[in-house]
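Here is a friendly walk through the model shown below. Keep the viewer open and follow along.

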Amino acid sequence: MDATERVSTDVLVVGGSIAGLAAAITAKEQDPSLEVTVVEKYTSGYSGKANRGAGIMLILGEHTPEEFAQFYLQHIGLFLNNQTTLLKYASMLNSGADAIEKWSGKIDKDENGKYRSLKWASKVVGRREDGKPIFDQNVPYPWTLVAIDLDYIREVRKYARKRGVKFIDRVGVVDLLTEETVDGGAPAVVGAVGFDIDDGKRHVFAARAVVLACGNQCWRVMPMWSCARGEGIAAAFRAGAKFANCEYAPFYNWTSLDHFESHMGAEYALYNHKGENVGLPLIKEVHPDISAEVLVEWYKQVKAGNGPMHYREHENPLMPYLTSVLASTAVHNRPYADRFWGYLFFNAFSQATSDEVIPGLVGEFNPLWVDENMATTLPGLFAAGDICVGGSRAWGAVAQPGRHRGSGIAFATFSGRVAGPSAASYAGQVAPPETLPDGQIAESTERFQAPARCGGSLRHMQMVAEIQKVMQPLGNSLYRHEARMKAALARVEELQAMLPEVRAVDPHQLFAVNECRAMLLCSEMFFKASLERKETRGWFIREDYPELDPEGLRWIVVENKNGQVAVGRERVPLEEYPFKP
Amino acid sequence: MANIIVNRELCNGCKVCFKACFIDIIKWDEKAKKPVIAYPDECVHCMYCELNCSQRAIKVSPDYQAYLFPRENIA
């Protein structure tokens, strides 16, 4: 029996949301003679996170890349940045919006045909005659935000198709295929193995170059981030890729157990049960977005018996801004996004029974190492979007979204527009693989299909629940301590040992087990890297190491040594960069 | 779990709810040309199926109390 679909292409893009589409379109533009194929586990155009957020995209507007970079290094990244990539990101922000518009995404414009932009956290200072808000945009952040209607990814897919990009939907890639290189260096990526999520049919891809754009790891905790389950990260690890900034996750959002909708800006109005505002005193004059310090304060208050914690929404100074931008026509004209946010707000506000606020783990574990050309350490493997935000080191000592909202679509578009041409150039220089490694294909197939034969008693959602119990607690994942992290890591290893007991009866469940394996690998990488950083720096906070490491700026890197997670350190080459602390 | 209701009379078999689901809750019955709500316990109520249905033939009613979240392990 050979129920295998074999696909040969020049550039294989794994993941069909905005990062993957950006890579596919620009690869095809760079070299129209190349065959470019997007493979997507669900359905490209609807899948991913980039159409389930605010639809807000960061651009520089009138600010310069240097101005942006200097602000970012000083207030957010704290110089733990790859400044080359940071400056490249900054210099491609404005053109990123133009690219989305060229690809048929609708960016809201004013009556003069210019993007209608509004700076983050602008204050409403009055109302026009028609009731629309008047904003004071005098805020200290050297960037601004444009608004895209959320059906844009569907439109961009159509654009890509018209330009010759091929699509394979409902096939999830679970492993990369590699071959040894003649110089004996890192193995080159020559293809991938995937399975149809409906009928389980195996797909084997041969490719000259592969772009991983299939998202990061969010451990299925918060609803809108649920699709990010880290299989791409795990596949890259098994193939031998390098990682960085594993410890600069996770992001937490203020939320409610009543509805799990985000409470942006809750730190301004965060009260303990004694009625004290414990968030506001920690907010610095320049406060671009939620900080780890206020999340830690929530933890300390709860541990001190001062909970439950409350959010007095009417005191949140961001509310007039937020309610003008989302589910509203007060500023932007975005009918699809308005309906989407209307649903979410209706669901949330109709279910709210209290003002209790908690930090919900968003995750955003995104450590695939890439250089400024979005090349990983494996020849032939490139990356774009959420999978490599941390690994690019562009943003430094901060968790994604990097304390600058609107950065998700911005980074995805930027990195896709870089990865696509990089992959196309590489593909144009190498021959297509003559043969694919049968042993790797068989090993991957065996790993993926084993849960159908295991006869175990565990269900995948039971395993997900156990993983979440390790990752969600702030004491494990945000306000870190050696003893707690070692206990968490020991639990992760126990769960890894239980994986063979998780059974699957259909392709959906086979994928779920593969995702659980990826979640646990990501957890292991996360805790091992976190134990290695013995200091407090930016978003990374250690209870047992509250000071900066006197050794200075180091990246914690993770590599696969004989199948094991190996942790190391690398000095940040400040002398090569234009800006110094 | 979330209650996802399909009105089979209104449904025209366009498949958009199936395509719109970003975590494979909704499968597709090719014979009947109707959606199958295969994994409602995993639904995260993103509302995309309902949002995209031109016939208003699918409704999602979230059940946040049953939503998988480590309620005892927050801090």
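## Chain B

Chain B holds two helices and four strands, where helices (H or I, at least four residues) and strands (E, at least two) are DSSP runs numbered from the N terminus. Read from the N terminus on, its elements follow the order β-α-β-β-α-β. The C-alpha trace of chain B spans about 45 × 20 × 15 Å along its principal axes.

Of the 75 residues in chain B, 40% are buried; a residue is buried if 20 or more other C-beta atoms, placed from the backbone, lie within 10 Å of its own. Taking contacts in chain B between residues at least 6 apart in sequence, 56% join residues at least 24 apart. Two residues are in contact if their C-beta atoms, placed from the backbone, lie within 7 Å.

## Reading the model

This is a predicted model, in which local features need pLDDT of at least 70 and side-chain atom pairs count only at pLDDT 80 or more, while totals for chains, interfaces and linings use all residues. Residues are numbered from 1 along each chain as its sequence is written, and chains are lettered from A and ligands numbered from 1 in the order in which they are written.

## Where chain B meets chain A

The contact takes 37 residues from chain A and 27 residues from chain B. On the chain B side, helix H1 (16-20) and helix H2 (48-52) each supply at least two residues. That side divides into 19 nonpolar, two polar and six charged residues. Here Ala, Val, Leu, Ile, Met, Phe, Trp, Tyr, Cys and Pro count as nonpolar, Asp, Glu, Lys and Arg as charged, and the others, Gly among them, as polar.

## Domains of chain A

Chain A is assigned domain 1 (4-110 + 144-249 + 362-429), domain 2 (251-290 + 312-360) and domain 3 (440-551), with bounds from an automatic or database domain assignment. The C-alpha centres of domain 1 and domain 2 of chain A lie 28 Å apart. Their contact takes 22 residues from domain 1 of chain A and 17 residues from domain 2 of chain A. By class, the domain 1 side has eleven nonpolar, five polar and six charged residues.

## A helix pair in chain A

Helix H1 (residues 18-30) and helix H5 (residues 152-162) of chain A pack at an angle of about 20°, with their axes 10 Å apart. That makes H1(A) roughly parallel to H5(A), a term for angles under 35 degrees. Axes are lines fitted to C-alpha atoms, for helices over the stretch in contact, and angles run from 0 to 180 degrees between N-to-C directions.

The residues of this contact of H1(A) with H5(A) comprise eight nonpolar, no polar and one charged.

Key
Parallel < 35°, antiparallel > 145°, perpendicular 65-115°, else oblique. Buried ≥ 20, exposed ≤ 12 C-beta atoms within 10 Å, placed from the backbone.
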